[in-house]
Amino acid sequence: MSADEPASLLRGVRFGSIDRHEDARGSFRELWRADVFDGLDPAAGGAAPGTTVRAVQANLSASGLGVLRGLHLHQRQLDHWVVAAGRAFVALVDIRPLLEGSGPHPLVETRILKADETVTIPIGVAHGFLALEPLELIYFVTERYDATDELGFAWDDPDAAVPWPVVAGSTGTGPILSPRDQANPSLAHLVATIRR
């Protein structure tokens with residue numbers, strides 16, 4: 001595993017890549033090792049002070065061209081994504097400045113990730129992706145699924161102003177969204193709800 005990618009603008013976010021070994025038979029990739037979380041602030045992953053962050057569940061998400069998932073937010077869970085196949089436009093929206101009162105606007109960072117590239121997303125950073133081609137995304141998380149920690153806000157919220165691209169070859173007038181993501185509230189509403 002490599003973390004030689006350019007640094008993130010967002011505190012605690014890490015981009016990296018994994019090695020692919022290919023020959024005439026096919027390929028081999030090491031998708032995960034525990035030291036991926038070495039050096040992370042325990043608070044970034046919902047771990048107690050003085051302990052280490054650890055993954056407790058792994059999931060595989062498959063998305064067709066033009067599918068947008070997000071923007072999702074966790075208060076108790078860190079995500080580590082590995083793109084297994086395809087390309088994703090990844091949007092990260094750091095709402096910690098809004099929650100901490102240290103800034104009036106969220107911080108936004110976007111990247112295109114392709115197969116064998118990774119991103120580690122700490123608590124407080126909303127995340128989403130748009131499949132630029134058929135996509136398989138593996139994600140390791142620091143908490144088992146808990147519906148009470150499945151928060152989110154509208155993918156097209158003007159306060160976040162994520163510059164989502166138009167996907168060539170997709171159908172319709174916009175991205176393909178789940179009913180949950182279609183019903184997500186505004187960023188301002190989410191922040192007000194968390195503050196209560």
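**Figure 1. An open sheet of five strands.** Here β1, β9, β6, β11 and β4 line up in the order β1-β9-β6-β11-β4, and their pairing is antiparallel. Strands, like helices, are DSSP runs numbered from the N terminus (E over at least two residues for strands, H or I over at least four for helices), and two strands count as paired if DSSP finds at least two bridges between them. The edges belong to β1 (14-17) and β4 (57-63); each has a single partner strand, so one side of each is left without a neighbour in the sheet. From one strand to the next, the twist averages 20°, with axes taken as lines fitted to C-alpha atoms (for helices, over the stretch in contact) and angles running from 0 to 180 degrees between N-to-C directions. A note for this and every view: this is a predicted model, where local features need pLDDT of at least 70 and side-chain atom pairs count only at pLDDT 80 or more, while totals for chains, interfaces and linings use all residues. Residues are numbered from 1 along each chain as its sequence is written, and side-chain values use heavy atoms, with hydrogens and water left out.

**Figure 2. Where β4 meets β11.** Zoom in on β4 and β11 (residues 135-141): the two run antiparallel and are joined by seven bridges.

**Figure 3. The largest nonpolar core and a second one.** A nonpolar core here is a set of buried Ala, Val, Leu, Ile, Met, Phe, Trp, Tyr and Cys residues joined through side-chain atoms within 4.5 Å. Buried means under 20% relative accessible area, exposed means over 50%, and partly exposed is in between (1.4 Å probe, protein chains only). The largest core has 20 residues, and those touching the most other members are Leu71, Val93, Ile95, Leu130, Phe153, Val162 and Trp164. At least two residues of this core come from each of β5 (68-73), β7 (87-94), β10 (125-131) and α3 (187-195). A second, separate core has 16 residues, among them Phe15, Val119, Phe129 and Leu137. In soluble globular proteins, nonpolar side chains tend to be buried together.

**Figure 4. Valine 162 and its surroundings.** Contact means heavy atoms within 4.5 Å. Skip the neighbours within four places in sequence, and valine 162 is in contact with Leu71, Phe89, Ala91, Val93, Val108 and Thr110. Alanine 161 sits in the loop between β12 (151-152) and α2 (179-182). Check its backbone: phi of alanine 161 is near 50°, a positive value in a residue other than glycine.

Figure 5. Leucine 71 is part of strand β5.

**Figure 6. Histidine 74, tucked into a loop.** You'll find histidine 74 in the loop between β5 and β6 (79-85). With 5% relative accessibility, histidine 74 counts as buried. Its side chain makes a polar contact with the side chain of glutamine 77 (3.3 Å). For a polar contact, look for a pair of N or O atoms within 3.5 Å; within protein, one must be able to donate a hydrogen and the other to accept it, and residues adjacent in sequence count only if both atoms are side-chain atoms. The histidine 74 side chain also reaches the backbone oxygen of aspartate 149 at 2.8 Å. Neighbours within four places in sequence aside, histidine 74 is in contact with Asp79, Ile123, Gly124, His127, Asp149 and Glu150.

Figure 7. A salt bridge is a side-chain nitrogen of Lys or Arg within 4 Å of a carboxyl oxygen of Asp or Glu, and the structure holds twelve of them. Arg20, Arg29 and Asp116 are linked in a network of salt bridges. The arginine 20 side chain meets that of aspartate 116 at 2.7 Å, N to O. This pair links distant parts of the chain, 96 residues apart: arginine 20 is in strand β2 (residues 20-23), and aspartate 116 is in the loop between β8 (107-114) and β9 (117-121). For arginine 29 and aspartate 116, the closest N and O atoms are 2.9 Å apart; arginine 29 is in strand β3 (residues 26-29), 87 residues from aspartate 116. Aspartate 116 is buried, at 10% relative accessibility, whereas arginine 20 is partly exposed at 32% and arginine 29 is partly exposed at 26%. Aspartate 116 also has a positive phi of about 80°, although it is not a glycine.

**Figure 8. A buried salt-bridge pair.** Aspartate 94 and arginine 96 form a salt bridge, with the closest N and O atoms 2.8 Å apart. Aspartate 94 is buried at a relative accessible area of 2%, and arginine 96 is buried at 8%.
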